[in-house]
Amino acid sequence: MHLDEPAIVRFMRWFGGLVTGDLGTSYANDMPIADLIAGRFINTLKLAGVTALFSVPIALTLGITAAMMRGSLYDRVVTILTIGVISVPEFMVATSAVLVFAVYLKWLPALSFANEVHSITDLLRVYAMPVITLTFVVSAQMIRMTRAAVVETLNTPYVEMALLKGASRQRIVLKHALPNALGPIVNAVALSLSYLLGGVIIVETIFNYPGIAKLMVDAVATHDLPLIQSCAMIFCLGYLILITLADILAILSRSEAAMTTDTAKTPAAGRIGYRFNLVGMLALAVMLLWGLVAIFAHLLIPYPVGEIVDFDYFGPMSTQFWLGSDYLGRDMFSRIVMGARYTVGISVAAVAIACTTGVVLGMIAAVSGGWTDTLLSRFLDAMSSIPSKLFGLVVVAAVGSSIPVLIFTLSVIYIPGAYRFARALAVNINAMDFITVARTRGENVFYIIRSEILPNILGPVLADLGLRFVFIVLLLSGLSFLGLGVQPPYADWGALVRENIGGLPFGAPAVMFPSIAIASLTISVNLLIDNLPYKIQ
């Protein structure tokens, strides 16, 4: 194993083998890693390819048609559905699909054995459940970003001129809007497809699909570090290829779009006011409710969370056990209420660290420029190239799982995104005249950041903080569902779903209510962000 050698020597030895195709030997299986990965990698590529084949046309069609009919009932339904799907973890979509199609309707098998495909019928049965789950999860973000890009393009003056000339809406969208919205749409598609690299980890685990992600999860359980390293490098390479392709296509599409329009967008004039949305107020109320539950959980639970109080496992809802009992006969209401403390508490701590660090570094990079900006940007870009679930798996495999480790891991994962967002905002503010005046007065960098830039980017930063909170809740729940998050005797909502997954064939409340709790929190945050008070131009 060469454990007596320095770490840098071991790394160079491993990297040299990676370049030449020698991935080493698995500790757990005592087999060449290349042989273990080969078949699994093909299976994962098949799953991702079939998912992309279905999800991309569906997402583009729904996103474009929703933009064409914006404000209509159809648009509102599509928007609500996409917010709902974005706000729930993959394992909730997967378990719901199993409950509906495998348990109740009995149309499809609950497990997917890719090596048992001998006919078209077998192919459809094996891939149906994983593809349905991944299509739901991946399409939602593509729909939202496609709709946003097309709507923004439809608001430009040259589109209004085409409308005044009597052009049909279909012609306007196809000839004028789509070419100019192609860059953001291509990025949305590439980013969503790159999300497949993280999404397949959950899906392959739930459906026992023999892919490379399932192999990596098994390697984490056995602490097979060479196998974990090799799987991680394959995922990172795929992610980087997709992101690079997206950047290239976006540059080409911007060049093409520049040739189709010569009219600049000008801000519309009008009165300015504020509108408060009832949906946003209700969403805020749900968020505050879960916050209070997390704080006062120890006062709200009727039974100790570890005490067996029901002689029947997976017991139904009753006056004694409001949300039924779990797989050991413990009260689910008590466990969900106490689980809120870990789900909400860990997520709040992680998002506070991630956003504070990312925003501060982003403003420093924008104001300082030069080597400071270059070094910070390149380092954090490299960090963001690692898919979030993959990074979590690697860290947990290396140091184990604990609450401090989870908070640190979740924070590190989302610092690059917060940095890039804050830096983009700060760069725009830094170019304005009042910043030049402050520099002329001799103000230092910290004064400019604290008094000039931060107040002007605070609103978007708070909205971004809400989105990252949702991402962290979903990632924490996913890691806990894989058994890598909050460890017994403690349990967050994702861990509650995992430990009660055996009740899925019975439709047990112990499986559904933790998932509903996750959805209620994340959907409320997304609805609040979408319905924040805004200025009417």
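1. Let's start with a loop: H223 sits between α8 (212-222) and α9 (225-260). This is a predicted model, and in it the phi of H223 is near 55 degrees, a positive value in a residue other than glycine. Most residues other than glycine have a negative phi, so this spot is worth a look on your screen.

2. F314 is not a glycine, yet its phi is positive, at about 50 degrees.

3. Next, the pair of helices α12 (residues 332-368) and α13 (residues 370-384). Their axes come within 7 Å and cross at roughly 140 degrees. Angles over 145 degrees would count as roughly antiparallel, so α12 and α13 are oblique to each other. The crossing of the two helices is left-handed.

4. Which residues make up this meeting of helices? From α12 come L361, I364, A365 and S368, and they meet G370, T372, D373 and L376 of α13.

5. Finally, a word on cysteines. A disulfide is a covalent bond between the sulfur atoms of two cysteines. The model holds zero disulfides. As for individual cysteines, C231 is buried, with a relative accessible area of 0%, and C355 is buried too, at 5% relative accessibility.

How values were computed. Residues are numbered from 1 along each chain as its sequence is written. This is a predicted model: local features need pLDDT of at least 70, side-chain atom pairs count only at pLDDT 80 or more; totals for chains, interfaces and linings use all residues. Side-chain values use heavy atoms; hydrogens and water are left out. A disulfide is a pair of cysteine sulfur atoms within 2.5 Å. Buried means under 20% relative accessible area, exposed over 50%, partly exposed in between (1.4 Å probe, protein chains only). Axes are lines fitted to C-alpha atoms, for helices over the stretch in contact, and angles run from 0 to 180 degrees between N-to-C directions. Helices (H or I, at least four residues) and strands (E, at least two) are DSSP runs, numbered from the N terminus. Angles under 35 degrees count as roughly parallel, over 145 as roughly antiparallel, 65 to 115 as roughly perpendicular and the rest as oblique. A crossing is left-handed if the near helix is turned anticlockwise from the far one by less than a right angle, and right-handed if clockwise. Contact means heavy atoms within 4.5 Å.
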